[in-house]
Structures are given as C-alpha cells and as structure tokens.
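Try each one before reading its solution.

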Amino acid sequence: MSDRSTISPDVIADHGLTLEEYQRILVIMGRPPNLTELGVFSVMWSEHCSYKSSRKWLKTLPTEAPHVIQGPGENAGVIDIGDGLACVFKIESHNHPSSIEPFQGAATGVGGIMRDIFTMGGRPVATMNALRFGDPDHPKSRHLVSGVVAGIASYGNCMGVPTVGGECEFDAAYNDNILVNAMTVGVAPADRIFYSAATGVGNPVVYVGSKTGRDGIHGATMASAEFDDDSEGKRPTVQVGDPFTEKLLLEACLELMATDIIVAIQDMGAAGLTSSSVEMSSKGRVGIDLDLDSVPVRECGMTAYEILLSESQERMLMVLKPGREDQARAIFEKWELDFAIIGTITDTGRMVARMGGETVADILIDPMMREAPEYDRPQAQTPGHSSVDPVDVIPPGTVEDALLTLVGSPNQASKRWIWEQYDHLVMGRTAVRPGGNAAVVSLPDSPRALAMTTDCTPRYCLADPVEGGKQAVAEAWRNLTAVGATPLAVTNNLNFGNPERPLIMGQFVGAVQGISAACRALDFPVVSGNVSFYNETSGAAILPTPVIGGVGVLEDGAHVVGRGTTGADRIIILIGKTVGHLGASRYLRDVLNCADGPPPPVDLVAERLHGNLIRNLIQEGTVTACHDLSDGGLALALSEMVLAGQAGIALDNVPDTPPLHAWLFGEDQGRYVVETTKMKQVLAAAQANGAPAMAIGQTVAEPALTLRKSYPISVSRLEDAYEGWLPAWINRKISTRR
C-alpha cells in the first residue's frame, strides 16, 4: 500500500473533499486510506460523478413512458421509435475543460458523448451543441469561440457524424466560464441495447481502445469546483482527443456487439478506469480485481494513482463471456486498437487494484457508493419582478429600426459561420439543416425521420427559475412540433453556479420543478442528462442555464415543413394568444438596454393544445411553412421566414391592442406562425380546437418584410444585418493578429 502519512488536511482539500467527507471515508474503510484510495473516493464522490447536491431533486423528474426503454442511470437514454428501432441519446457538458483549453475541451466533449451512445449499441447519426460565450467585447471571447467551434468541427467531421444544429449565445455572465454542451443522437436495434452492469464471477474484464496517459487526471474533480485566478494552471487536467482512433473504436465495438460475447460495457469517461470499474461492479453487485500492470500505457513510470484516475480518451471497459477473449481480441486487433485483459469479476464486493506485486487499493464498493454524500442544500428564492406594462414602454425609434437592431444583435444574428464549419450533410440523411426550427435526420431503410433540438432561455431562468425551466421544455416541444414531429423524450444539461450558495441552489431547484411540470404536462419524459455545477469564477456565477435536448419522430419524413416562405399569395396565420408580454424580452434587453420584468408565463395546457393542432395541420399537408415564436416574438419569426424563404411577407391585419411594438416583439408563449393556401381550413381547425388564430398577412413577390403599410424592409437589408455580425466580429480577431 502507498504511504498513508501523506493524507493531510491540505491533501484532502486538494482532492475536493471536506473533512466531514473524509471522516465518512475512515468509517467505510475502517482505516486511513492511502493516496490512491483517497483519489478513488475523491472522483467517485465529486459533484460531477456523484450528483451529491442534485440527486435529491433529479429523482423528482418524470422518467417513464411506454416508449422509454432506458431512463436515467445508464450511459444514455433509450426510447422505442418503432419499426424495431431505438433512439439512443444524451447531452453532457464539457464546460470547465473548454474554458481552459477550448479546442481540446470541446473536441473531447463531442468524443465523450459519442462514446456514451455507441456504448449502448447505438450508431451515432447526428450531433448538436448548445454553446454560451461571454460578452463579444471580452478579450477572450473570440479565442474561445474559434477554439470551441474548431474542436467540435474537428471531432465530428473526422468521425463522419453530421453536426446538424444547436444554439449559440453571448452574455457577460459567461465571460470566464463558457458552456459547451454536446448532444449525440444514435440509432440501434431495439432488442440489441447494451448495459453496464457487470455480472458473472470469474468473467474477464477487458480494456480496449487507446493507451492510458497522464492527460485528464482529476478532470472530474476540476469540473466540481469553481474557477479562480489559478485556473489556467489546470490545463494538465484537460483531456486530449483523437477522433480517428474513436472512429476505429466505434466500428470495433459495433462489430463486437453483433456477436453474443459482451456481458457488460462502459465508457471510460469522467474518472476513467476508476468510475467505469466501480460503476459496473456496483450495478451488478459484484467485486472486481484489476491488474494495473496489464493496462496499456503510453508514458513511462505511471503510478497506480495516475492509471486509475487518468481520463485519457477513446477507451472502453468490458466484461466478456469466458473463453471468448481471443475472438474479441481478433476484432480489436483488426481495427488496430489495444486489447488487454486487465481483471476479473469477483464475489467479494470489493474493488481491488494491484500493481508491482502489491495491493495498491482495496475498497468495499457498496458502502462507497451507498454512503456517498447526498446534500439537501439551503435554498433562497429568486426575488420577484414587477410586471412590465407595454403601454409604459416607449419605443426609442421605429419598429423597423428595432427589428434591424435585433436581427443583427449577437444573440439573434445568424450563426452560419459556425455551422458551415461542421459537416452537417455527411451520411446523406440530413433533411433539415442547421438554422431551422429543429434538425431532421432520415432513418435508414425507413420513411420515418428523427427530429432534434436544443433549447434554453437563461434570462428567463434568471428572472424566474420555475417559469424558465418550463419554457425551456416548452420551446423544445414547439421546435419539434414546428417541423411536424411528435415529441417523445428529452435529455437535459443543467448548468448552474455554486450549489453551496442558497440563491444558486434555489435557481436549480426552481428550474427542476419547472422542467418536471412541463415534462409531465406534455408527456415528454426525461431519459438522460447531466448536471454541471460550480460554473463561476471568483464568486461570479453564470446565468442559470438548464439546456433541454428534445427528440421526436416524424412518421413520414416527406411531410416535414421548413420555416421559410414557399411562394407568393399564401396566407400568414398567427396561432396562439398575444398580449404583448415584454418582460425579460429581447426587445427590452437589446433595444432598450434593460432587463425588467418577469418572463412570459407558460400555459402548459395551451402548449399541448396548440402543438397538437399544428402537428395535425402539418401531417395533413394543410400548412406549407411553420415557425414557432420565441426570442424577438412575431417580428423576428417573420424575418427568419422571409430570410429562409422564397417570398416576402406583408402584414395587413394588425390589431389595435396591444401597442404595435408589444404585438410585434412580445414573447408570449405557445405561439406559431404558419403559411397556408387553405386559410379557412386552418382557422376552422383552430376554432374547433379552441386555439386563438388570426390571419395577419400574406406572402408577396416583393423580396421584403412589411410590418406597417408602405414601410417595407428589403430582404437585402435584413440579410446584411442577420448574416453580417458574426463574420465581421470573428474577422476582427484575424486583422488584430496581423
């Protein structure tokens, strides 16, 4: 055993453990741990791995439905999508690593989430991302944007998996702690899902993939602490990815999965060999013996501590059926990957690691997992906000000026510069490209298609976490619905500051309550996810950012609709109630430079009613284009329809109330704009379903958007504002370097 005399209070603190948690370790062990054992406890009890501040609340989320095959607790969630197929999907964060080293942090985030999918037996068919950066004028922002986008592009493009969509926003709250959330969607035979619970005493434990190095050691611990002035020194904890090796690992694993050799399989993600071996053993209620001398390493002199805690990428741990090792070895050697038998499943209930003829770790697994800390942290409620009366909001200029300001603002401007760096067409199944309501990918050998989206409005969550949580789910529901898909399930990435601060914990609990209420009301269960706490620097927290990744199915992918206008002489219909809610809106923030008021309330009954109506209209072929309303309200939605379409739009039926600026820019929820040639049929269907609906204008041959009579905004002006901001901002970095 390693020397236990080195376990001082400073060493305990350096491992992210409190003295109280260390006392609990002493009780479990019945003796002081050595340094390697302390390392094992530190990563397994980190916030990142144990969810010790969030577990209590995550249990309240709805996770079951008839179509749910696997909910939270495995590498990814799995839902039945019919025709003998399953959809495997999950979203995860790589925030801290990306803030320190943007290229590798983002790249390995993509690699890690892809492994979660093919570990379950799914072939990845699409990836998405949800990105948050600091103020565009912050000195690090351009470097971070360029590095993150390049890292995502490099990994996804090399893997041959299309990156089909996502979101990207800027806010000063993310200046020193950006968010990089990566989502992967895969497809598998519904009867060939693979799980991680180890079974079979005497079964061999096999390591496959890349060799183990010193990169990523204590990455899970780093992700469980806030940043400070010394964060730049944490670069050694950022993993280094190799997408070409991962592509080989993907094909080798799927080839092995076509046999009956695998008993259990687990990705070596956060906490590496430690978490994979402990979690597999714990789920199967067995023990595991590891021979660390047999682990393939790429650096000389690696210690047991380093081997167990390394987060080197592109590695898997498997339990195989006995006597089948040579057959498995042949597959991995064919793909030029390491294959090593490094252990055995036992009946001791212990994780035992040996190296150099010595036992370097010996820990009872069940107590370590069962006695992991679970905190019910104090909460403080977010203060309420006075409502904003639209009549009291004085427009600073014309509605045309306001619209051009919004369209060309950092958060609403086109992100084409980003997604054009991604190969979003590889595999040849991308039916709706980035920039639409939701991405759509056709299924192999089937007329059906998968729709997917990522959504969150952090400023709503800051103003009212409960309503913000509801709205994130509702917007994902609307985006899927707007392309004609039936929403089936969500994955979530809950990004917050330090949970030890009552206000932050209150934000988290409120958001979870809102998410739970919306998912129940919409039959939209949570099947996987991730919590990322401690996203703050020197006490300054990010905006509460509970990202929702939604997945839905179109029974006939040919019936998908886009958001762009399809031709002249169509009728534009607004569906949903408009009161002109301006609180916490983009109009207030970006045009009037204030952040007053509460977010718009989310009527979940109306959301479901309106969504079902829209979906039926699309599936009947009654609607030729559709756009959900969110940031920027009606005016921004109409702009995007014109920019993406083949005709202009002229409004000719504007109500007297609310005021014009509130009607155009209010962010009332549960609304859609549709284009149709069958106005009477759409209005009749809306009336029959109790949904407010009104014809507000028509499409015109003139390439312009006319919000008021005789005041057209040309498409070229809209396009210059919409497409111009991001390239100009990025290019300023290039000219500065020169």
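The exercises below cover a sheet, a helix lying on it, and some salt bridges. This is a predicted model, where local features need pLDDT of at least 70, side-chain atom pairs count only at pLDDT 80 or more, and totals for chains, interfaces and linings use all residues. Residues are numbered from 1 along each chain as its sequence is written, and side-chain values use heavy atoms, with hydrogens and water left out.

**Exercise 1.** Work out in what order the six strands of the open sheet stand, and which ones are at the edges.

*Solution.* Start with the terms: helices (H or I, at least four residues) and strands (E, at least two) are DSSP runs, numbered from the N terminus. Two strands pair if DSSP finds at least two bridges between them. Now read across the sheet: the order is S1-S2-S3-S6-S4-S5, with mixed pairing. Strand S1 (68-70) and strand S5 (163-170) are at the edges with a single partner strand each, so one side of each has no neighbour in the sheet. Next, zoom in on S1: two bridges join it to strand S2 (residues 77-82), and the two run antiparallel. Here Gln70 sits opposite Val78 in S2.

**Exercise 2.** Find which strands helix H8 lies across.

*Solution.* Look for residues 141-159, which make up H8. This helix lies across strand S4 (123-133), S5 and strand S6 (179-189), running at about 175 degrees to S4. (Axes are lines fitted to C-alpha atoms, for helices over the stretch in contact, meaning heavy atoms within 4.5 Å; angles run from 0 to 180 degrees between N-to-C directions.)

**Exercise 3.** Are Lys52 and Glu21 buried or exposed, and what do their side chains form?

*Solution.* First, the bond: their side chains meet in a salt bridge at 3.1 Å, N to O. (That term takes a side-chain nitrogen of Lys or Arg within 4 Å of a carboxyl oxygen of Asp or Glu.) Lys52 lies in the loop between helix H4 (47-50) and helix H5 (55-58), and Glu21 in helix H2 (residues 19-29), so the pair ties together parts 31 residues apart in sequence. Then check accessibility: buried means under 20% relative accessible area, exposed over 50%, partly exposed in between (1.4 Å probe, protein chains only). Lys52, at 7%, counts as buried, and Glu21, at 2%, counts as buried too.

**Exercise 4.** Which residues are linked with Arg459 in a network of salt bridges?

*Solution.* Arg586, Asp590, Asp631 and Glu667 are linked with Arg459 in this network. The count of salt bridges comes to 39.
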